[in-house]
Amino acid sequence: MKNTTVKIYSMLSKISIKIICFLLIFLVTIQVNFIQYASAEEGENIQTTIISRIDEIKTYNEYISEYTNNEGEKVTIIVNNLNVTDKAIVFSAIDGKYNCIDLSRDKRVVDFEFYVSQSGLYNMELEYYAPLDSTSTEIGLDIKVNGNYPFIESSTLSLSKSYKNETENIKVDENGNQIRPQQLETPRWLKAIPFDKTGFNSNPFLYYFQKGSNKISLNCNYGLIVLNQINLSSPAPKIEYKDYIDNCRTNGFTDTTKQNIYLNAENANYKSSPVIYPKSDRDDAITSPSDPVHIRLNTISSDEPGQKIMYKFQIDKSGLYNINLRVRQNQNRGMTSTRRIYIDGKIPFEELNNIEFRYDKNWYIETLGGNDPFEIYFEQGEHTIDFESNTGNFASTLITVQNAIYDLNVILRKIVMVTGVEPDPFRDYDFSVEIPDLIEKFIDVRNKLSNEVTRLNKKTDFSGSEINTIEDIIRQIDSFIKEPRTIPSRLESFRGNISSLSTWILKIKNQYLEMDYITINSKDIKKGQQRASLIQQLEYNFKAFIASFVDDYNIKETSKDKVLINVWLNTGRDQSNIIKSMLTDDFYKKNKTAVNLTLVDTGTTLLQAVLANKGPDVAMFVTEDIPVNLAARNALIDMNRFEGFNELQERFYSSAFTPFIFNSKCYAVPNSQTFNMMFYRTDIFEELNIIPPKTWNEFYNILPVIQRNNMQVGASGESQLVFESLVLQNRGEYYKEGFSETNFNSIEVLDAFKMWTGFYTKYQLPLTYDFFNRFRTGEMPLAIMPYTQYNLLSVAAPEIRGLWAMTTIPGVRHEDNQINISESATGTGSIIIKNSKNPKEAFEFLDWWSSNDSQVRYANDLESTMGPAARYDAANKNILERLRWQPDEAKVIREQWERVIDIEMIPSTYYTTRNISNAFREVIYKYSNEREVLNKFNKIINAEIKRKNTELQKYNKSK
Amino acid sequence: MEMEAKMRVLFSESKNKSEYSFIRKIKKYRASFIMLAPFTILFVVFTIIPVSSAIVLSLTNFDMIQKPLFTGFENYIRMFIDDDIFLIAIKNTVIFAAVTGSIGYLFSFVFAWFINEFGRKMRSILTLIFYAPSLAGNVYFIWLYIFSGDRYGFFNSYLLKFGFISEPLQWLTDPKYNMGVVILVVIWLSMGAGFLSFIAGFQNINKTYYEAAAIDGIKNRWQELFYVTLPQMVPQLMFGAVMSIAASFSVGYQSMTLTGFPSTNYSTHTLLLHMLDYGTIRYEMGYASTIAVFLFAMMLISWIIINKVLAKISGD
């Protein structure tokens, strides 16, 4: 009986808590549809049972501790196509290997059945191939053994892909500066053990198989993978360096002389991620190659656990070698960064599993083995050396601190539920009655943390500032335990300490190490210079200073026989570099147009430049209000006149064009489009027994539940996006036909306005708030925010990973039982200026730029360069699934996006937004009657629209 | 001084005599004209032309992109008769000029006087402390955090903590409070160039005057201040006053940063902001120029008034 339920539920909990929550929402909302309020009790039952199931899955540490003495004798099992049970699987031949299992998009699961002759723990090494796929930079897997996840980490495994620089030698631009090479995917056969990229487990996972028949189910969650075989092997016995070198000596391997193999770290052959690319160091004059005037990409760095950098090199003389690295670890004070070093894909002896690099703000040369350098045997021929980031000995610290943060946040929430977000310092909250186990829990967390600190202090050479963060919170908890009555007045700093603890985890998890070069050299070769001497450094800086007077930083295109168009960009330098490289790789091959990119703030500068007739041909990433305003003054060329615009329009939802239309002509090509989504904390929702609202009525129903527990709900404050969305959801419109008058006296808009102001007058939602931090601590478990916040949360809030979700915003239920979740959006666009001499070429450029392939490339390059937090909110509707969103995330975004309508722009839009804001504030601050206020400001807006229209007509008449 | 006399002669004579003799005068005094040229050119290019072009543009409808359309005094009529917000802007500008201008001026003087009493080292340190806010440029945005409308904003959180309020107040957007906040910040910023010139002025006064005054029967520091110090400092007072007027009439960026642009119901809208509103947001440069001309006139008038008042103090 128990077994079957376990099976059912583990099937349900396929990926993570998240999916279960979706299921739950689904189940419960169906009930809500029929019986408005009665579902709470039943929902409770379902929730508690499923949650308790999840808790039964062990963590890896618990799992492995059960089997420590169970290492069988060395056995290797090869699992391949012969073991596949599903007859529907088609085998294919890929890149030189036959009988491969292609887990492409439609078939993501494969089961293997095989026989194990010896019970025991096994390494599970996959031999796989990652086909070209721009949607993800890694592969996400989950592995079940005999139908269950053996441990929780097995449900979120990762495998890395392989990248390299686009060209062997780094390219140089017209000014003599090296250009950051694009990182190209290089599909090839790889062998690796799936790892946990959170860094909480630094050793490769071992799986236990009982003697007899076993089944592995492998599910690819994202990315593409082709499997060839799975190698199961008992973990090899650990060889210490002592034994290794003794073995070498007995085999008669001798020291080499005068051999020095020098590898420039930035020229790595393969990298596991596109974010590992050559960087430029100008701090030290001897970082090679060095150039005081031009940009030289001379170092490479990696940080996240699991990132790998690989080098190939040639050994001419067999024998023993030392390995030296010129490195810098200047980010984690007092901490070490760990690397696992593979030689020819294997770890020759145990010490190379954890090579620690100390903190130093300067470069230094690290010899592997330290004072007693490791001598490693290389035979003549080609070899590889891999450096893999790894949390090493910090893994257990990370787990402890992570758990502590979770516990502390639970405690904080419990306290807040008693005291409110802003406790009354004069009141004695009787915590011993309200939260009986409070002190007990504090002591528990405190002890765990202080054990960790003692352990860390023993390990690192000095108690660096990084540990202080933990010590601070321990001190505070100590004083809480001593005097619980002081807790309310110090809640604020307690909250701050918890969030700095989360930041600490992020920092420590990143095993930052920058490398300049690697040498594999004979014992008699002298170590290189650690850092530049004072004179070298002075000379370098002086030259750089002199050169700064003449160096030209602009990216210029110098082709005389081509049509030149000037493009102004309202972005950063990285973005313009990406576009520039896209131009050379793609655009110039197809077109005879040269593009001159300039970084300009396109606000007022653009206007002045147009006035002075010095404007560009194209301005990109301009804000929504600019196109219509310039168009109304005859400064832009409409897009409709160009051939191919109809085709171009197909790439976007019509909502993307809405703000750019003036007099039924379109004046811009959309670049980006952002809209709101609803973010909620799944753990808190479960705790409070509520479900994310689908309609505003449901929203109102759960508001008191959240607020009764002294937590908050965020509805974007004064951002008018919410009001605009409410108008649209009520099927209202902003402007009357012809845009000469607003529609604010209609009942739909009034209703929307009442709802919007009601959030703040009736429900007291906060007007201003720091979403990121409050969502993290759980004080604000529900908020409506732009969907780009997702990236920030997923990157910078690891402690709530899996505890939150993003979904569509609440909607208005109409009589026909349809829930209208329409929404307004904000965006940017590209315009063509009227003075442009080459409008046709300018449109060609925009056509190329807005094409699916260009947008995907731009988005992916941007993310590779600036990290996932910079994910591009492209307006192009076809590329969402090709960006690095996980499929279920892309699905909710798409669901909402299809419902985006957006509000039209008119030349006097500034007056509408300003006066809606005035009306809003008048209601909020003075509790005035909504209808009167809206009517009053409506009149003002209409007067301005009329005045503006007459003014604009003056020009038309004068022509 | 001599040059000035020459010029005076030159122009008074040229009024009476014919043009022919004017050219001859130029030839005669060409060295003086050459020496005058650098300043005159700069002054014309950077002051006369912009001011007169603003006056010309104020008579047009100009959207910064297309050619200006001449509309006569329409803009002025609209400004005085048909623009409600203009009145709010004048009201706020006058409040700023009267409150922050005068308080700032007074504070600058009083603090300079106090600081002057300290020793050399202490004086330098204190000068730096008081001058720091305006030295640091846009540093007033720190007040954004102090007066944040969030319940964790500094001011709100203290008021909540000690039970003065139960809900966070929107210091910067609620029209009840935001004017007060901006005035406070502008006063905090007002120890500018005027303050420095006062300190310099105090130190330039010849000590012998005080000795002479003591012999003549000055009884206390107040008398000393009024009978010796102030008359001696008229040039600095004048300079300080001009700076203070210019500063208080051009209050705007501070309120823009703090209370948003435009502020709730234009509660902290000043003439400068009104001008910016039309110039940048509404694409109506002609009307913005009209406001600029008005602002210019207001500054000129108050300068004349101050000049008269100070002339009385110095007893000329």
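This is a predicted model: local features need pLDDT of at least 70, side-chain atom pairs count only at pLDDT 80 or more; totals for chains, interfaces and linings use all residues.

Student: What makes a residue in chain B count as buried?

Tutor: Its relative accessible area has to be under 20%. By that cut-off, 43% of chain B qualifies.

Student: How does the radius of gyration of chain B sit against that of a compact globule?

Tutor: For 316 residues a compact globule would come out near 20 Å, and chain B has 25 Å. The C-alpha trace of chain B spans about 80 × 70 × 30 Å along its principal axes. As for what it's built from, chain B has 16 helices and two strands.

Student: And what are the contacts and the surface of chain B like?

Tutor: Take contacts between residues at least 6 apart in sequence: 62% of those join residues at least 24 apart. The accessible surface of chain B is about 17700 Å², with 70% of that belonging to carbon and sulfur atoms. On charge, chain B carries 24 positive and 19 negative side chains, and the centres of the two sets are 11 Å apart.

Student: On to chain A. What secondary structure does chain A have?

Tutor: Chain A has 26 helices and 36 strands.

Student: How much of chain A is buried?

Tutor: Buried residues are 58% of the 959. In chain A, 80% of the contacts with a separation of 6 or more are between residues 24 or more positions apart. Chain A exposes about 40900 Å², and carbon and sulfur atoms supply 50% of that area. Chain A also has 109 positive and 123 negative side chains, with the centres of the two sets 3 Å apart.

Student: Why does Cys248(A) count as buried?

Tutor: Cys248(A) has a relative accessibility of 4%, and the cut-off is under 20%, so Cys248(A) is buried. Cys666(A) passes the same test: its relative accessible area is 4%, so it is buried too.

Student: How many disulfides are there over all chains?

Tutor: Zero, from a search of the whole structure. To count, a pair of cysteine sulfur atoms would have to lie within 2.5 Å.

Terms used
Residues are numbered from 1 along each chain as its sequence is written. Chains are lettered from A and ligands numbered from 1 in the order in which they are written. Side-chain values use heavy atoms; hydrogens and water are left out. Buried means under 20% relative accessible area, exposed over 50%, partly exposed in between (1.4 Å probe, protein chains only). Helices (H or I, at least four residues) and strands (E, at least two) are DSSP runs, numbered from the N terminus. The radius of gyration is taken over C-alpha atoms; the globule rule is 2.2 Å times the number of residues to the power 0.38. Contact means heavy atoms within 4.5 Å. Accessible areas come from the Shrake-Rupley method with a 1.4 Å probe; for residues, only the protein chains shown count as cover. Lys and Arg count as positive and Asp and Glu as negative; His and the chain ends are not counted. The place of a charge is taken as NZ of Lys, CZ of Arg, CG of Asp or CD of Glu.
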